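Me: Please take a close look at one part of this structure. Start with the pairing, then follow what ties it together.

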Amino acid sequence: QVQLVESGGGLVQPGGSLRLSCAQSGNFFSVASRGWYRQAPGRPRELVAQILEDRRTDYAGFAEGRSIISRDRATDTVYLQMRNVTPDDAGVYYCKIRGWITRGAPIKDYWGQGTQVSVSS
């Protein structure tokens, strides 16, 4: 059984930085991608950044240049760092892993419960 637990959310001042962590428990047979998504009230969930198994990274336009997604392979933890945060960055941030839980299983998305990020002075 795989579980993803996000942490690091909270109140951030405009212009400040955030650092989120996603801890994975349980194992995958294989992983296609690990990513961070966010959802603001009344808006659809959107990709922030993802990291592929070949270590390539992909960022949404709003995150490009001020965000870094990284992975600690030793601890199976995925991080998201974002600087120059604005009120538009507020929302619930979710970690997602897309992968195969066992050999022969269908590919599936696994989500964490989310961590709230608020932006205010």
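Reply:
**Pairing in the sheet**

Strands E7 and E8 (residues 77–82) run antiparallel and are joined by 6 bridges. One of the paired positions is Ile68, whose bridge partner in E8 is Gln81. Two strands count as paired when DSSP finds at least two bridges between them. Strands themselves are DSSP runs of E of at least two residues, helices are runs of H or I of at least four, and both are numbered from the N terminus.

A word on the basis. This is a predicted model, in which local features need pLDDT of at least 70 and side-chain atom pairs count only at pLDDT 80 or more, while totals for chains, interfaces and linings use all residues. Residues are numbered from 1 along each chain as its sequence is written, and side-chain values use heavy atoms, with hydrogens and water left out.

Now widen the view. E7 and E8 belong to an open sheet of 4 strands, in the order E1-E3-E8-E7, with antiparallel pairing. E1 (3–7) and E7 (67–72) stand at the edges with a single partner strand each, so one side of each has no neighbour in the sheet. From one strand to the next, the twist averages 15°. That angle is taken between N-to-C directions on a scale from 0 to 180 degrees, with axes as lines fitted to C-alpha atoms, for helices over the stretch in contact.

Cys22 is buried at 1% relative accessibility, and Cys95 is buried at 0%. Here buried means under 20% relative accessible area, exposed means over 50%, and partly exposed is in between (1.4 Å probe, protein chains only).

Next, the core. The largest nonpolar core has 25 residues, and Trp36, Val48 and Tyr93 have the most contacts inside it. Such a core is a set of buried Ala, Val, Leu, Ile, Met, Phe, Trp, Tyr and Cys residues joined through side-chain atoms within 4.5 Å. At least two of its residues come from each of E3, E4, E5, E8, E9 and strand E11 (115–119). Take Tyr93. Leaving out residues up to four places away in sequence, Tyr93 touches several others, including Leu20, Trp36, Val48, Leu80, Met82 and Val117. Contact means heavy atoms within 4.5 Å. Arg38 is also on the Tyr93 list.

Side chains of opposite charge can pair when their charged atoms come close. A salt bridge is a side-chain nitrogen of Lys or Arg within 4 Å of a carboxyl oxygen of Asp or Glu. The whole structure has 9 of them. Arg38 pairs with Glu46, with closest N and O atoms 2.9 Å apart. Arg38 is buried at 6%; Glu46 is partly exposed at 24%.

Arg34 pairs with Glu53, the closest N and O atoms being 2.4 Å apart. Arg34 lies in strand E4 (residues 30–39) and Glu53 in the loop between strand E5 (46–52) and strand E6 (57–59), so the bridge ties parts that are 19 residues apart in sequence. Arg34 is buried at 4%, while Glu53 is partly exposed at 32%. Arg34 and Glu53 also join Arg71 and Asp76 in a network of salt bridges.

Where does Arg56 lie? Arg56 is in the loop between E5 and E6. Its side chain meets that of Asp54 in a salt bridge at 2.6 Å, N to O. Asp54 is partly exposed at 45%, whereas Arg56 is exposed at 53%. Apart from neighbours within four places in sequence, Arg56 contacts Gln50 and Ile51. Gln50 sits in strand E5 and is buried at 17%. Beyond its own neighbours within four places, Gln50 contacts residues that include Arg34, Arg56 and Ile69.
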